[in-house]
Amino acid sequence: MKERIKTLTRRPAWKALAAHYKAVRQLHLRQLFADDPGRGERLTLDAAGLYLDYSKNRITDETLRLLVQLAEESGLRGRIEAMFRGDKINVTEKRAVLHVALRAPRGSSVTVGGEDAVPQVHAVLDRMADFSNRVRSGEWKGYTGRRIRNVVNIGIGGSDLGPVMACEALRHDADRNMSFRFVSNIDATDFVEATRDLDPAETLFIVSSKTFTTLETMTNAESARGWLLNGLGGDVSAVARHFVAVSTNAAKVSEFGIDTANMFEFWDWVGGRYSMDSAIGLSTMLAIGPDRFRSMLDGFHQMDEHFRSAPFDRNMPVLMGLLTVWYTNFFGAETVAVLPYDQYLKRFPAYLQQLTMESNGKYVRLDGSRVNYQTGPIYWGEPGTNGQHSFYQLLHQGTRLVPCDFIAFTESLNPLGRHHDMLLANVLAQAEALAFGKTREEVTAEGTAGRLVPHRVFEGNRPSNVILGERLTPEALGRLVALYEHSVFTQGIVWGINSFDQWGVELGKVLAQRIVPELESDAEPELSHDSSTNNLIRRCRRLKARR
């Protein structure tokens, strides 16, 4: 067992990287650029419609060579092929991992369980498109005969974060005659505020739950059902005109009152955090229309094909994943900042938090042994330039190393005066400042008072990537999401963990189901938790009793 635990750290490339790190850790980006005047043009990659400048990373050509060697020794190529082949690489749940099939073109083939998944995927997409067109055109009417003007998506986790992010990111292309709201939190405030100003006669609810048993989602769905019936006179037949489901549990869907003809399925080989391009994206399709939704799928597919076919040293997701391994395991970086310089991407960091941390927040390897190295850094971020006036101080002069991903587009969807040039200037300036900083000599030469010089010195040598696209279109969004999906995959393969299960979310949910009746019981319950939890339950009950 000890031998298996140390497999990664005993690989030749890992040992070479450990020695190499000691040799290069003091190298400054100023020196690296001075020694290689063409570095800024050389360490770039143009692929699948995105441009990556990774020259401002604390790496040499030897670093890259060893990282690629590590990927090869980790069996990354074989694992990529296994995923695209439909092998059950999610070993703890014995499932295939085939979100790539969700964006495979019509006529292609991806086999899972002996069946071609692509026709199934496109059958659902065609049904989604037909439904979306009917709602968007006004052909689909609510119970009173009025058209739908409001769509409320009820889901949680991957059934919420992806659609929320996509609808916000693609708002420029959305139908502005419709409103789109999202309810995920079991906190009643979320539902009440989302529906406060809506007319039930013009509102459609999408209930997204694979099993149709998810506690938060079904609690909110039942509240939505009550809200609708209360507003429409109590006729339960109204439910079928104002609710549709994204699920695989036809019996539960029908029991709720939803016509199963309006149930859009997805499959157990689609993980929740990889599902925004499945039927879970129905709200996105309603917002932007089927053609643009398919354009987004094409963007995903473009990056899929690049990831599958490009050599590792010219493979954008692989390089980004390996750089994350480099900083996490050798520099001790604990976080990655994702900094989109586009207001439409304001929910993108939140979306990435689930994608990255639910995937790679694991301390157990595929064989059940515990890792003896760090995995899954914390991802976080805010859109620029807002972040520059809050946390960038720490990025520039803090004591922690925080690798940064800057994301920007060369064209604005809303051109207005000099705004976009100023926005782009800030992206480029921040990456430059983080990399090169300002020396004591430069600060002194500016005439700065001696006592202030230490405060105005920027050490620099803070690494970053700059990811550029032309415009934030549906196609571009698909490319960007797939880029991070496959970067996460690369990291997980190197670390030898299963990036596709999420057992860590289960324990708290199970305990919550036990605590709910203890909070609601009329009689004083017998409690058998720890002393802290028992005390908190009793206090909550006492405070509730005062109402």
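Which residue forms a salt bridge with R149? The partner is E202, with the closest N and O atoms 3.8 Å apart.

## About the model

This is a predicted model, where local features need pLDDT of at least 70, side-chain atom pairs count only at pLDDT 80 or more, and totals for chains, interfaces and linings use all residues. Residues are numbered from 1 along each chain as its sequence is written, and side-chain values use heavy atoms, leaving out hydrogens and water.

## Salt bridges

A salt bridge here is a side-chain nitrogen of Lys or Arg within 4 Å of a carboxyl oxygen of Asp or Glu. The structure holds 29 of these salt bridges. Helices (H or I, at least four residues) and strands (E, at least two) are DSSP runs, numbered from the N terminus.

E202 counts as buried because its relative accessibility is 16%, while R149 is partly exposed at 34%. The cut-offs are under 20% relative accessible area for buried, over 50% for exposed, and partly exposed in between (1.4 Å probe, protein chains only).

K56 and D53 also pair up, at 3.9 Å from N to O. K56 is buried at 14%, and D53 is buried at 14%.

## Around E265

E265 lies in the loop between β9 (263-264) and α13 (282-288). Leaving aside neighbours within four places in sequence, E265 is in contact (heavy atoms within 4.5 Å) with V124, S247 and A279.
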